[in-house]
Amino acid sequence: MPRIVRLHATGPVKIEPGREKPLWVCACGLSKTFPFCDGSHKLTAAKEDPQRLYRYDPATLAVVSDQPEHQPPVQPTPDPTGPSHAGG
Ligand code: FES
């Protein structure tokens, strides 16, 4: 089922699991090697205007539309009844 997810990150999240090298997890949503960053976020950081909303073609990563952003970014609110860690 297709869905649209609004993301504001323009770069990866660094995770240091105690290995020799850190892991870089995609937070922009454009990586073709998700969940790992493949550098595709450079498209967002270099070309996006924070006041506009962009839609990307998932196959080519070309911008298929952009329009003025009318809604402020949604800030996540922690749920005190939810799990405190991944995996439930
Ligand atoms: S953060 Fe998404 S590709 Fe790097």
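Here is a short chat about the fold and a few of its residues.

Reply: A note before you ask. This is a predicted model: local features need pLDDT of at least 70, side-chain atom pairs count only at pLDDT 80 or more, and totals for chains, interfaces and linings use all residues. Residues are numbered from 1 along each chain as its sequence is written.

Me: How many helices and strands does the protein have?

Reply: There is 1 helix, and there are 4 strands. Helices (H or I, at least four residues) and strands (E, at least two) are DSSP runs, numbered from the N terminus. Along the sequence the pattern is β-β-α-β-β.

Me: How much of the protein is buried?

Reply: Buried residues are 7% of the 88 residues. A residue is buried if 20 or more other C-beta atoms lie within 10 Å of its own, exposed if 12 or fewer, and partly exposed in between, with C-beta atoms placed from the backbone.

Me: What is the count of buried residues in β4?

Reply: The count is 0 among its 6 residues, 63-68. Strand β4 is hardly covered.

Me: Which way do β3 and β4 run, parallel or antiparallel?

Reply: They run antiparallel, and 5 bridges join them. Strand β3 covers residues 52-56. Two strands pair if DSSP finds at least two bridges between them. Tyr56, for one, has Val63 in β4 as its bridge partner.

Me: What lies between those two strands?

Reply: The hairpin of β3 and β4 has 6 residues between the strands. Leu61 sits in that loop. Its phi is positive, about 65°, although Leu61 is not a glycine. Most residues other than glycine have a negative phi.

Me: Is Leu61 buried, exposed or in between, and why?

Reply: Leu61 is partly exposed, because it has 13 other C-beta atoms within 10 Å.

Me: New topic. Where is Pro35?

Reply: Pro35 is in the loop between β2 (23-25) and α1 (42-47). The peptide bond from Phe34 to Pro35 is cis, with omega near 20°. Most peptide bonds are trans.

Me: Which residues does Ala27 touch?

Reply: Not counting residues up to four places away in sequence, Ala27 touches Ala9, Gly11, Pro12 and Val13. A contact means that the C-beta atoms, placed from the backbone, lie within 7 Å. Ala27 also lies in the loop between β2 and α1.

Me: How far is Ala27 from Ala9?

Reply: Their C-alpha atoms are separated by 5.7 Å, and the two residues are 18 residues apart along the chain. Ala27 counts as partly exposed because it has 17 C-beta neighbours inside 10 Å.

Note on methods: Two residues are in contact if their C-beta atoms, placed from the backbone, lie within 7 Å.
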